[in-house]
Amino acid sequence: MLFQDVVFWMLSVMAIGGALGVVLAPDLFRAALLLIVVFIAVAGFFVLLSAEFLAVVQVLIYVGAIAILIIFAVMLTRDVQRGNLPNRLQIPAVVFSALLLAALVTVAVDTKWEFLPADQQARVELVQTNSVTTLTGELLTEEGITGPEEQAEVQEAGLADLLISDYVLPFEAVSVLLLAALIGALVLVRPSPGAEKG
Amino acid sequence: MSFEAFMIVAAVLFCIGLYGSLARRNVLAVLMSIELMFNAVNITLVAMAKYLAPAALQDDISSVLTGQVFAVFIITVAAAEIALGLGIVFAMYRTHDSVDLTEATSLRY
């Protein structure tokens, strides 16, 4: 537990420091690089929360695709020389964000969360890491899951299975959304037919 | 490393992203701040999936993955959003010759 706590605090410092850098860095290119630090820290949080598959997806999509796209955009627009300037709404924005932060922290601390019972925690972690590991009967027995029915249940519960069974409709909707976004982005960046060339 | 600690870190990340998206002039800085907010929401979803949801656990063990499924969808939507957002940024750069939000006033009058 102690090791996990140390990792958690290191990741927190990385994420919050990086995020502050993203919004406050005077140089937009450095802000984009600090954004990658935040993404990697969030991937670390996912590992701590036994969501290994999401951590891999986070690195692949956020660090590998989104951050690189943003860096391309920073390089391709000339405004990078002007730096990361604030607008006139700076003070209201600080006040509003601080108030929201206070409200969120109060809610997080004051709410009486209904936690999982401690004996269920190992089972939940096992199911949540299931999406990247093949669970053998011996491993399940080691974790205290001995009944054959229960073992079959845990082995069948996986993120990929859920995505193509219970959540197949949102899954298909999201694929259509991605296609639409792809076509939309192509249409947006294509030069308009009437515009002069060059 | 309690549940509340995760929620507080996510809240801090979200509020930093909110400040950034409200107070920056560069479109790309605003897009980056929006990504920060997406990440904060993902942290809360995954943390809640791990620590909470005792009622649903009784009938179906796979319901503990609901939070992670939601996070997968949010990541997908974020990818679509950034592709479209950058398309709009480039379109704006072509028409206004700048990515400064305070200069995008075509719809004001």
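Me: With 12 C-beta neighbours inside 10 Å, does D97(B) count as buried or exposed?
Reply: This is a predicted model, in which local features need pLDDT of at least 70, side-chain atom pairs count only at pLDDT 80 or more, and totals for chains, interfaces and linings use all residues. Residues are numbered from 1 along each chain as its sequence is written, while chains are lettered from A and ligands numbered from 1 in the order in which they are written. A residue is buried if 20 or more other C-beta atoms, placed from the backbone, lie within 10 Å of its own, exposed if 12 or fewer, and partly exposed in between. Because D97(B) has 12 such neighbours inside 10 Å, it counts as exposed.

Me: What phi does D97(B) have, although it is not a glycine?
Reply: Most residues other than glycine have a negative phi. D97(B) lies in the segment after α4 (66-96) of chain B, where helices (H or I, at least four residues) and strands (E, at least two) are DSSP runs numbered from the N terminus. Although D97(B) is not a glycine, its phi is positive, at about 60°.

Me: Does S50(A), with 20 C-beta neighbours inside 10 Å, count as buried or exposed?
Reply: S50(A) belongs to the loop between α2 and α3 of chain A, and just after α2(A) it takes a positive phi of about 55°. Because 20 C-beta neighbours lie inside 10 Å, S50(A) counts as buried.

Me: What distance separates the C-alpha atoms of N26(B) and Y51(B)?
Reply: N26(B) is found in the loop between α1 and α2 of chain B, and it is buried because 26 other C-beta atoms lie within 10 Å. N26(B) and Y51(B) are 25 residues apart along the chain, and their C-alpha atoms are separated by 38 Å.

Me: At what angle do helix α1 (residues 3-23) of chain B and helix α2 (residues 27-51) of chain B pack?
Reply: Axes are lines fitted to C-alpha atoms, for helices over the stretch in contact, and angles run from 0 to 180 degrees between N-to-C directions. Angles under 35 degrees count as roughly parallel, over 145 as roughly antiparallel, 65 to 115 as roughly perpendicular and the rest as oblique. The two helices are therefore roughly antiparallel to each other, with axes 8 Å apart and a packing angle of about 165°.

Me: How many nonpolar residues are there in the contact of α1(B) with α2(B)?
Reply: Residues are in contact if their C-beta atoms, placed from the backbone, lie within 7 Å, and those that meet here include F6(B), L13(B) and G17(B) of α1(B) and V30(B), M37(B) and Y51(B) of α2(B). Ala, Val, Leu, Ile, Met, Phe, Trp, Tyr, Cys and Pro count as nonpolar, Asp, Glu, Lys and Arg as charged, and the others, Gly among them, as polar. The contact of α1(B) with α2(B) has no charged residues and six polar ones, and its nonpolar residues number 18.

Me: Within what distance do the axes of α2(A) and α2(B) come?
Reply: Among the residues that make this contact are L35(A), F39(A) and F46(A) of α2(A) and M32(B), E35(B) and I43(B) of α2(B). By class, the contact has 15 nonpolar, two polar and one charged residues. The axes cross at roughly 5°, which means that α2(A) is roughly parallel to α2(B). These axes come within 11 Å.

Me: At what angle do α3(A) and α4(B) pack?
Reply: The contact residues divide into 15 nonpolar, one polar and no charged, and they include I61(A) and L69(A) of α3(A) and I75(B) and L86(B) of α4(B). The two helices are therefore roughly parallel to each other, their axes being 11 Å apart and their angle about 10°.

Me: Which helix gives the most to the side of chain A that touches chain B?
Reply: Chain A has nine helices and zero strands, and 76 of its residues are in contact with 68 residues of chain B. The residues on the side of chain A that touches chain B divide into 61 nonpolar, 11 polar and four charged. With 11 residues, the helix that gives the most to this side is α4(A).

How values were computed: Contact = placed C-beta atoms within 7 Å.
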